[in-house]
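Hi everyone, thanks for making time this morning. Please have the viewer open, and let's walk through this one together.

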Amino acid sequence: MKYLLYAGLSTLASLTFVLSAAEPLPAISATKADKTLLTDIEFNGDKLVAVGKHGTVITSTDTKTWHQATVPTQVLLTAVNFIDSQQGWACGHDATIINTTDGGEQWQLQHVKESLDKPCLDILFNTKQHGFAVGAYGMFYETFDGGLNWNKRFLDSLLFAEDRDYLNDLKETDPQGYEAETASILPHFNRIFKADNKLMLVGEMGLLAHSVDNGKTWQRDEEIYPGSFFAYGQNTQGEELVAGLRGNIFTRTGQTHWQHISNDKTATINSILDTGKNGWLLLANSGVIFHYKDGSLNLEQLPDGKSILDAVLFKKQLVMASENGIKVKEMTP
């Protein structure tokens, strides 16, 4: 999810690291916070909440007026997730995780590890107490107490067999080398998603993995594509979509095999939105929106050509988080 855009912001990440090396600094108040880089957006049942550059979090109840929240960090925030209208979490660079209990107006720092120098790329809670934060090089944290404590896990079940054998040998002969290897041997985890009867994890190098026991164990799915996936979705009819690098899209229903959807446009897809009876929207780089329904893929090109990182439906509008802020588009019936 969105990792390519973040990679292009290395200067920003370095600056953020310098600013926060001693102690995280609060986000700077900006007069046009809704015009900055925004990476994720969610409707919590009460208001819209979007996150992005320099620790920016903004909220709105009408898409016209946006209020900047109080946030205890200036890192690039990459994802936001709410379990109800009041309680939510966001994550970002330096393995930063923040939490709100008032619908997104005030945020508290729960976790940060600057020495790790890795971004958290997605966050998901399935109850108020149980959640996951995932990111670069196999970053995987889990909490059972609402984020008061985040436990680091290494998902060795997602290794290739030869890598697993190599690590097992290294663990016995070179413990320090083992620790170093486990920090980078897994691919980036770009998106974690709660589907109907499973959790899905997608990422770099064609990673597709699932858990049917609420995240206790994970199984790697058969590879269908060697490039990176950034987005996954499942609708109420059981149709699944997975998409990512260079406009690659795959679909399946039930236990059928994944089918590749023909697509001549190579814009990398960052997020997938289920719109119900109107099908799917796939939000992509270069201002591209793919419309997919009943096996038919159509393309919409926004005039400014700016990357769209995520979007939600709100009062018959498509509200988008993009590289130059909030964009709002009326949706036709």
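Let me start with a question: are Phe82 and Trp107 buried or exposed? Both Phe82 and Trp107 are buried, where buried means under 20% relative accessible area with a 1.4 Å probe and protein chains only, exposed means over 50%, and partly exposed is in between.

A word on ground rules. This is a predicted model, so local features need pLDDT of at least 70 and side-chain atom pairs count only at pLDDT 80 or more, while totals for chains, interfaces and linings use all residues. Residues are numbered from 1 along each chain as its sequence is written, and side-chain values use heavy atoms, with hydrogens and water left out.

Now, the aromatics. Rings of Phe, Tyr and Trp (for Trp, its six-membered ring) pair if their centres lie within 6.5 Å; planes under 30 degrees apart are stacked, over 60 edge-to-face, and the rest tilted. By this rule there are ten aromatic pairs. One of them is Phe82 with Trp107: the ring centres are 6.2 Å apart and the planes stand at 80 degrees, so the pair is edge-to-face. Because Phe82 lies in strand β5 and Trp107 in the loop between β7 and β8, the pair ties together parts that are 25 residues apart in sequence. Strands here are DSSP runs of E, at least two residues, numbered from the N terminus.

Phe229 and Phe250 are edge-to-face as well, with 6.0 Å centre to centre and 85 degrees between the planes. Phe229 sits in strand β17 (residues 229-234) and Phe250 in strand β19 (residues 249-253), so this pair links distant parts of the chain, 21 residues apart. Phe229 and Phe250 are both buried. There is also an aromatic cluster made of Trp89, Phe125 and Trp150.

On to the sheets, where two strands pair if DSSP finds at least two bridges between them.

Five bridges join β13 to β14 (residues 199-203), and Phe193 has Met200 in β14 as its bridge partner.

A pocket is an open set of points on a 1 Å grid over the protein atoms alone, where a 1.4 Å probe fits, with protein on both sides within 12 Å along at least five of seven lines; lining residues have an atom within 4 Å of a point. How much space lies in the largest pocket? About 710 Å³, counted as the space filled by probe spheres set on the points, which are joined across faces, edges and corners. The lining has 27 residues, and Glu42, Asn81, Arg191, Phe193 and Ile272 lie nearest the centre. Among the elements giving two or more residues to that lining are β5, β13 and β17.

Last stop: strands β23 and β24 form a hairpin with two residues between them, and Asp294 in the turn has a positive phi of about 50 degrees. Thanks, all!

Technical notes:
Helices (H or I, at least four residues) and strands (E, at least two) are DSSP runs, numbered from the N terminus.
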